[in-house]
Amino acid sequence: MPEQAQSVQRVGLTRAQCETPMGQELVNVLSEIVRDGLATEEGFRRLQQWLGERPDGQLPAMDFLSRVVSERASKPKLTTRDLFELQFAVERVLPHPLRERVAARRQSAWSWARPTENQVESLHRSEERRVGKECRSRW
């Protein structure tokens, strides 16, 4: 018996969601967190606090980010990999035009600092996932 494909819930903010007060607030917080091109531990804690103050998760993006944050929240010190994964989670949630600008800032920031092996590995996996999604959407 073939396995049933799991449905993938959209976590990126839609235009309509961005126009809501909660969507606007989320975009502002996320933009602040990655404004320099790379997520920081301070940004992680800021997002954790913001999400904790809004436990109702009005948007799928908030539920997704809450899961990303809660998987790492118990750590006393976040690793570079944790911050890198947060960066990609934020980029995944942001609306398309803003996502492109944030990705460009990240790439610029990386041009000044040599990425770690984990960053390169995660970037490669993220690119493979993106291409896979694109291919599946065309079928």
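Predicted model: local features only at pLDDT ≥ 70, side-chain atom pairs only at ≥ 80, totals over all residues.
Figure 1. Leaving aside residues up to four places away in sequence, Met-22 touches Trp-50, Arg-54, Gln-58, Leu-59 and Met-62. Met-22 belongs to helix α2, which spans residues 21–33. Its relative accessibility is 14%, so Met-22 counts as buried, the cut-off for this class being under 20%. One of the residues touched, Gln-58, lies 36 residues from Met-22 in sequence, and the two C-alpha atoms are 7.8 Å apart in space.

**Figure 2. Packing of helix α2 against helix α3.** The axes of α2 and α3 (residues 41–52) are 9 Å apart and form an angle of about 165°. The two helices are therefore roughly antiparallel to each other, a description applied to angles over 145 degrees. The crossing of α2 with α3 is right-handed. On the α2 side, the contact involves Met-22, Glu-25, Leu-26, Val-29, Leu-30, Glu-32 and Ile-33; on the α3 side, Gly-43, Arg-46, Leu-47 and Trp-50. By class, the residues of this contact comprise 7 nonpolar, 1 polar and 3 charged.

**Figure 3. Packing of helix α4 against helix α5.** Helix α4 covers residues 60–72 and helix α5 residues 80–93; their axes come within 10 Å and cross at roughly 180°. This angle makes α4 roughly antiparallel to α5. From α4, Ala-61, Phe-64, Leu-65, Val-68 and Arg-72 meet Asp-82, Glu-85, Ala-89, Val-90, Arg-92 and Val-93 of α5. The contact of α4 with α5 contains 7 nonpolar residues, 4 charged residues and no polar ones.

Key: Residues numbered from 1 in each chain as written. Heavy atoms only, no water. Axes fitted to C-alpha atoms, helices over the stretch in contact; angles between N-to-C directions. Helix = DSSP H or I, 4+ residues; strand = E, 2+ residues; numbered from the N terminus. Parallel < 35°, antiparallel > 145°, perpendicular 65-115°, else oblique. Contact = heavy atoms within 4.5 Å. Nonpolar A, V, L, I, M, F, W, Y, C, P; charged D, E, K, R; others polar. Buried < 20%, exposed > 50% of the residue type's maximum accessible area, 1.4 Å probe, protein only. Left-handed = near helix turned anticlockwise from the far one by under 90°.
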